[in-house]
Amino acid sequence: MVSRRDVFKFAGAGGVGVGAGLLLGEVNQRPLETLLSTHIPPEDFSPGLDTWYNTLCRMCPAGCGISVKVREGRARKIEGNAAHPVNRGGTCALGQASLNALYNPDRLRSPMRADGEGGFVPAPWDEAFEELVSRLNALEEFAMGRQAWVLTGGALSSGEEALSRFASALNARVLRLALDTTAAERAAAKAMYGFEGLPHYDIANADVIVSFGADFLGSWRSPIAYAKAYGDFRQGGQGGRGYLAQVEPRMSLTGANADEWLAAKPGAEGALALALAAELLRRGYGDAATSAWNGLSGAMSLEEAARHADVPAARVEALAGRLAAAKAPLALGGGAAGAGSNGTQALTAVAALNRVLGAAGGTVRPNLAHATAYSGLRDIEDFAAQAASGDVPMVILAGVDPVHDLPESLGIRKALERADFVVSLDSFLNDSASLADWVLATDNFLETWGDDISSPGAGMLTATLQQPVQKRLHDTLSVTDIILKLATRLGGAAAEALPHEDAQAFTRSEWEAAWESMGVSGDFNARFRRAQQDGVWAAALAEGMADELSPEAAAPQPPPAAEFAGGEAEYPFVFHPYATQGFREGVGANLPWMQELPDPLTSVAYGSWAEVNPATARELGLRTGDLVELESPAGKVSVPVVEYPGVRPDVVAMPLGHGHRANGRYARGRGANAASLLAAQSDSATGTLAWAATRVALRALGKRGRLIRTSGVSRTLGRQILGPDGEH
Amino acid sequence: MSISVFEAARPVFTGLLVAVMVIVGAFVGHWAHGAWLNDHTPVQPIEFSHEVHAGENEIPCQYCHAWADRSATAGVPSVETCVGCHKGLSEVRGQPEIEKLFGYWERGEGIPWVKVHDTPDFVHFRHKPHIRAGVECQTCHGPVEEMARVTRRIDLNQDLRMPWCIDCHTEEQVANGRDCLTCHY
Amino acid sequence: MSKITDKLREYRVDGYYTEFDYHWTMTVDLDRCTGCEACVVACQAENNLPIVGEKRMRQGREMKWIRVERYWDGDYPNARLNFIPMLCQQCDQAPCEIACPVFATYHNQDGLNAQVYNRCIGTRTCAVYCPYEVRFFNWFTYTWDEPLEQQLNPDVTVREKGVMEKCTFCIQRINRAKDAARDEDRRVGDGEAQPACAQACPTDAIVFGDRNDPDSAVSQKMQDPRAYEVLKELNTAPSVIYLKNARAPLHAEKDEGHHREEAAEAHAAAGEPRWADSGKAAS
Amino acid sequence: MSSVLRQQMFDHGEPAYAEVNRDVIKALTTTTWRYWVTLGISAGAGLLFFFAPWIYQIIVGVGAAGMNRNAMWGTYLSNFIFWIGLSHSGTLLSAVLHITQSDWRKSIYRSAEAMTLFSLMTAALFVMVHVGRVWFVHWTFPVPNPMELWPNFRSPLMFDVMAIMTYLTASSVFIYMGSLPDFAAVRDASTGLRRRIYAILCFGWRGTGHEWHTLGWAYTFFAVLVIPLAVSVHSIVSWDFALSTVPGLHQTIFAPYFVCGAIYSGTAGIVTVMWMLRRFMGFGRYIGKLHIDNLSKLLLVLSLIWTYINICEVFTGWYADTSFENEAILYRIKDGPFAWLYWEMIFFCAVVPLLLFSRRIRQNWNVMLVISIVINIGMLTERFVIVASSLPRKFLPDVFGVYFPSLVEISITVGSFAIFTTLFLLFVKIFPAVSIYEVKETLNPLRKRQAPEQEARA
């Protein structure tokens, strides 16, 4: 039956099958993996187990304590340090995303030298130090009165202290730069509470809060500390659920969570606050000090102020009633309300309202930490002018990106271009660093030592210790390390002021000195190790440690009318720039997680946008996603618009932090920079930049922009999503 | 005009048999690959003998693989651990393999051991609960103390595949032991 | 035949779908939630969620196991924005579970809706059936720009193309807590297992725990009169319980035409592709 | 059968028995270069438009298609349903007509059944294209394994797998069994290799009385079996949708809706195929006025039922008056980007077929070709509209989205038609496309003996 040929066939088939099977096995084989043993394992190395280090988050100035999960020598996850009094275990999106900065593919891996053709080439540290030392020596010998400039972000930390000492040893001038309202807030606190610094606001224990522009849940001061307090304010706090009214021209994250949002005209917040104070005084509120204010004779009537601010008088009236009935009321002021030409007066009016409400000493309390004093517009202009006349021999940028973060109109870009020598100490080749002659690659904050004194703190003195959680990923040094090494190489006054070996030694010596001055006794080493374990050293304010709020204050002056750069006819909209929690002034732009995170309010990802009121959009024939050109007296940008029901029809709002020209693949060329529209307007009282005092014109470009939104329809359409009774 | 159906269908039967042969052959081939050609006994950077260390010298497994009862991974000993003992063992100094070890030590490098027992990335096998439940290392890894070079014995543990895990978990009545989320997440 | 029925009976466990060892539950207090999205990034960090990139975001392929949805209420100047974090509801009567032909998704004895990546063949039926739209598909094998991959969590699988993924209530953390509890021969205590989102939440809006323990924080929260389930009419028996925002109704200028206007707005938006050029961008 | 009907069945007069054999077998044996060119083009198009993009998609991931977070299903699934639907007329119609002893089925049923088979295969291909990890698609089969992992028998997709496999098996057996005597006829009329091949294919059919008896019995048995099977298959396919909670899909009417739509598009498909057979294979003599008239009447009835169900669907949604249903309907018929497709579908499938009330149109093959193609375009869009307008807008408005097919999807859709054509072209060269023995059953017995030329000789 079976022929010879058949046998061959079967045998052949079997062979083919075996071959196929072997091949399949070969394909399915798992590749060999190697298991690299450690050489000498660190004490706390245990494969497969998490090690947690407590340290400090440096993504924003709030100074939250974080715990970093480290596995196999790499930081993997960031969580809030539950023992830290500021954030009590919470973190924000930006803090979580700081791992993206640590492992960023565009992080500088070694010092870079400008090659003279707009590019940069890696160079060894020795070369960098040699060049810098020779430059600095030359400065001393041949500068002929010309000063070097140090530009920094400013924080209450020992790193900043090292920088200041270094600068003063070099006789350099320091510019502390930020888009902030600290100056106005400090001035207001000084005037109303007789207190240097920023007070602590007890949000958790307040029952009625009226906030004038202070986006305390978003980006103002210490959002996580305030968010923690806000949770208690809403539920489970003292005396039931608190009431929050937010007064601002554009609904911020705080406004979105408020019980009531009052779309006050930009610049009119101060008048409204003062009118409320006057009304409450009329109703018999106030203590001995405020009764001397004679009922705030200059203040507008409530109705007048409501008209001035373009908000319904009845609602302001009702708000006054609520405040009058409150047991623990609190008024907050900040954000754009403090960044107008009348910012200081406006915030002073808010503080006055607190005085009248009796909040001072209650929900407003003193705070030991003195906030950074940021440089005024005059100093920045000075810098620009000196650079223009060729009198700036050297600029040291210590981790700041003023070319992007600050208004173009301040002339910092030009100044950096004109300066003889610019060195940037940064982790990224950002907009400013790309103008430098040398960029010294710095550590991520998870790789180095440092500390921070939380301001405004958590109602107690809080110092957070920052320690490296893993080995340096690249050939980098921290800013403090660089300063110390430079000082050592320079010798002379600098070496005398900074004799420390590295950032760790410097931080230790600073802590030792601080504890000594405060009279904290005990073994320093044990105490420091304890702080290292806990990540924080906190002490309740002892008697006499902090300045008490002064019992008296002079009557506040009614805020003058707000002035804006640009005529109303030519530039019909008030421009409202704002910082978001994720991007702030630009720090989040090179973090992919932040780019991919939809904006909490508009759900836009990857790029920036301009918010206009739907009615305004209808009038101008615009739809969400249409490209428009915004033009201010200082510049113009084109961005897609978003129809945003939470912005006044006469205001155009835009987030800060986008539109980088450099700064890595995730940031470069995404969105437009709102800061470039800002005119060099100043706060009339403090002379700092009034960054919310510019007008813009809006022109449709007749094109669709690149706008990515993750949300479809932002209405519930009657569906029971937000609770059993529909929307309420 | 009549054609025998068997005669006519002959090619069909031949074809079928050929197909069967191919399939049987494929199974044989796949098995053979797994049994002989799969690299169960990879060459290690240092010819380290478990037979000598764990067998003759009776060093307990967890002396070197110290994390097995604490962690998901048992871990390989650091170079320091090896050198710690071998510094004092002058009688074996000078042997080429020992010199390799000291080579790594002096260069400050780790030793790139090749994994013998490996699970795919979507399997989260954890040593700790198994060691604490009293499972012998040899149950999965075979009689390592008898191996000069560690080999993965497929007859013993079915190549560390899932049916083997399931069988044991079923037999031992592990709490939720057959829940996918115990190992896959 | 009787052999088969005996075998089937052997597989059946009484109360498998109704009585759980632990009944992991999450409560989300919308009155505390500020919409800050810290949970979103915490989840992304913990669970190795890919960075999908701008192009794929535009195609509507974002991956966020937890997201914050936003709903407007009213119009300017009486506009109000509501936030609601949306994540896998770990339904006890999950629509997705019946859908999967290969049992890649099923209910386990901790009341969790499991997703087994290595079993998934990618029919995507579960995602279609999910009314909460919290299942995410790996359209591609996503990669991390070197050295971003060094931050990946070794306790969580990196998913490959073609599989579905979703929130697991951070099963790796639950397993870790259960491991620790087993070593001490006790049950997992309240607060020992915390998903990344609950841990990160700055306002403590998210609370997580075991519903079977009457003293746990979630059990207490579930007693709140504000507690409700999203899309309750679908009867999915979710394990995520929301507490309604207690804000007073909006200022009352809400007329009859309001709702119609809202609907009109929704329809106007309907004609508009959400992603500017999703049609061509895909290829 | 009355002579009038017989007149209508055969366009150019009744053929003789031998003529039937000759005509049908000629279609198998004589192959023109045109056939090879057409086969080459369609096979090439299948490779280029279907398999090439599919391989690309396997390499990069299903992201090559235009689906996104909301629209997890797209054209792959709508095409799957379309092809399953197209498969519904052939075998079903053939079986029903066999049982009711309608003789006019006899010259068309084999091609119709072939259509069933090939569209089922094409549909099965779409399942593979659709899934994310096609290399694990065998996990959907209940294969015993040491891990005790089974498919989920509660899943409608699992039902699908079972239903399609059953239907495919039953249909293949049905068509093959019916072809046995014809294979024998081909064997007898040919020599050499072809003879050997057909000797195998016909299982040694000898034409004994016993064989005829068994065939008749078995054929009827299968005809009865296939009818409920066919109805259940598309009901089950509809449950893929109806068992979800998606507004616009979660409808109790979906099973009859899908079955009706399936038979509708299948019947239209038969008309198209019959036109092709007449035009290109020279079967005009066997497929005549009676066939087209009957098929057209069937189409008309089905179109009316289909229209009615469509109205029901919208009505029930409207009557429910929930936000979900209202939005879903409005999005589908008015606001959505595919609303025009909805109205196109209504026009093509509900309005155009009203022309069939006219006998002249019914009996005009060319007009019917156009109408049948139009109906199938309408049915293809129906499936697309159902999928593309429901999934992107489910319950949570915040995640509403939009779905557009990508180039890969469009190409694969086009390619699937090429694959179907290729399979069908192969069929007409292997199977006698018109049943020889059954056509003979309808002929006038008096003409049984001789072919015309023999007559002439006589």
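A salt bridge is counted here where a side-chain nitrogen of Lys or Arg lies within 4 Å of a carboxyl oxygen of Asp or Glu, and by that rule three salt bridges cross the interface of chain C and chain B. The structure is a predicted model, in which local features need pLDDT of at least 70 and side-chain atom pairs count only at pLDDT 80 or more, while totals for chains, interfaces and linings use all residues. Residues are numbered from 1 along each chain as its sequence is written, chains are lettered from A and ligands numbered from 1 in the order in which they are written, and side-chain values use heavy atoms, with hydrogens and water left out.

**Interface of chain C and chain B**

- Contact, meaning heavy atoms within 4.5 Å, involves 23 residues from chain C and 15 residues from chain B.
- The buried area, which is the accessible area (1.4 Å probe) that two parts lose on being put together, summed over both, is about 1,500 Å² for this pair of chains, with carbon and sulfur atoms giving 52% of it.
- Of the area that chain C buries against chain B, 29% is supplied by C:Asn118, C:Thr157 and C:Asp183, more than by any other three residues.
- C:Asp183 also joins B:Lys128 in a salt bridge between their side chains, at 2.8 Å from N to O.
- Polar contacts (a pair of N or O atoms within 3.5 Å, where within protein one must be able to donate a hydrogen and the other to accept it, and residues adjacent in sequence count only if both atoms are side-chain atoms) link 13 residue pairs across this interface, both residues being at pLDDT 80 or more.
- Helices (H or I, at least four residues) and strands (E, at least two) are DSSP runs numbered from the N terminus, and helix H6 (residues 171–183) of chain C gives the most to the side that touches chain B, with eight residues.

**Interface of chain A and chain C**

- Here 92 residues of chain A are in contact with 78 residues of chain C, and the two chains bury about 7,400 Å² between them, 52% of it on carbon and sulfur atoms.
- The rule finds twelve salt bridges across this interface; C:Asp145 forms a salt bridge with A:Arg665, with the closest N and O atoms 3.3 Å apart.
- In polar contact across the interface are 37 residue pairs, both residues at pLDDT 80 or more, and helix H7 (residues 223–234) of chain A gives the most to the side of chain A that touches chain C, with seven residues.

**Sheets within chain A**

- Strands pair if DSSP finds at least two bridges between them, and an open sheet of seven strands in chain A has the order E6-E5-E17-E16-E15-E7-E8, with mixed pairing.
- Its edge strands, each pairing on one side only, are strand E6 (120–122) and strand E8 (173–176).
- Strand E7 (residues 149–152) of chain A pairs with E8(A) in the parallel sense over four bridges, and A:Trp149 stands opposite A:Arg173 in E8(A).
- An open sheet of three strands in chain A has the order E2-E3-E4, with antiparallel pairing.
- Within that sheet E3(A) and E4(A) pair in the antiparallel sense over six bridges, and A:Val68 stands opposite A:Ile78 in E4(A).

**Salt bridges in the whole structure**

- Over all chains, the search of the whole structure finds 85 salt bridges.
- The side chains of A:Asp50 and A:Lys69 meet in a salt bridge at 3.8 Å, N to O.
- A:Asp50 lies in the loop between strand E1 (34–36) and strand E2 (51–56) of chain A and A:Lys69 in strand E3 (residues 65–71), so the pair ties together parts that are 19 residues apart in sequence.
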